[in-house]
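Could you walk me through this structure as if I had never seen it before?

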Amino acid sequence: MVLLKKYKIFQLVTVFAVTLFFGCEGNFKEVQKINFSEFVPSGDADKVNLKYTDSGRITAVLVSTKMLDFATVAFPFTEFPKGINVSLYDKTGKKTIVISDYAVSYKMTNIIDLKGNVKIISQDGQTLETEQLYFDQKNDWFFTEKNFKFTDPKGVSNGQGIDFSKDFKIVNSQKIAGEVLSAE
């Protein structure tokens, strides 16, 4: 008798569940979205001011109004959706400033992708402006295939594609457009 009662309750619950399932057929896509895991950061910070050191000496200071850390994804990265302002210091204390509207730092490759109004200003008066620039942190090397404007005390040059050391001591440009203009 108890088994028969449990069986009838099971049938009743099954009929009820099937009725609900077919009654909500139009919202099935919405139900699927509930179980979908969104791509969300594992860390979120506002008004960031990070100082990087090497043997007690500050090597870089990064300032940003927003930082999103995606450390738990298969290819971890840190995103700066509202831009960055970075001061890089060499061993003699010379400063190079890097500014961009947006940046992504890829942890596995140690490459930083800078986008939107990218500007690099050295303490020696050299400036590079472009729309996108990559920085190889391991080798302290910048590079881009985009158009650029390079200004130094000797003049101004425009071109497409450039790579250089973070202190501007080595500069390799691929295509120079027009003439090198004297700043005088």
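Residues 24 or more positions apart make up 35% of the chain's contacts with a separation of 6 or more, where a contact means heavy atoms within 4.5 Å. Keep in mind that this is a predicted model, in which local features need pLDDT of at least 70 and side-chain atom pairs count only at pLDDT 80 or more, while totals for chains, interfaces and linings use all residues. Numbering runs from 1 along each chain as its sequence is written, and side-chain values use heavy atoms, with hydrogens and water left out.

The chain has two helices and 11 strands, and in sequence order they read α-α-β-β-β-β-β-β-β-β-β-β-β. Helices (H or I, at least four residues) and strands (E, at least two) are DSSP runs, numbered from the N terminus. Of the 184 residues, 32% count as buried, that is, under 20% relative accessible area, with exposed being over 50% and partly exposed in between (1.4 Å probe, protein chains only).

Now for the core. A nonpolar core is a set of buried Ala, Val, Leu, Ile, Met, Phe, Trp, Tyr and Cys residues joined through side-chain atoms within 4.5 Å. The largest one holds 23 residues, and Val98, Leu114, Ile120, Leu128, Leu133, Phe142 and Phe164 are those that touch the most other members. Two or more residues come from each of β2, β4, β7, β8, β9 and β10, and β7 gives the most, with four. Leave aside residues up to four places away in sequence, and Leu133 touches, among others, Ile112, Leu114, Ile120, Phe142 and Phe164.

Here is where some of the core's contributing strands sit:

| Strand | Residues |
|---|---|
| β8 | 127-136 |
| β9 | 141-152 |
| β10 | 155-165 |

Two asparagines have backbone angles worth a look. Most residues other than glycine have a negative phi. Asn110, though not a glycine, has a positive phi of about 60°; Asn110 sits in the loop between β6 and β7 and counts as partly exposed, at 33% relative accessibility. Asn117, also not a glycine, has a positive phi near 50° and lies in strand β7.
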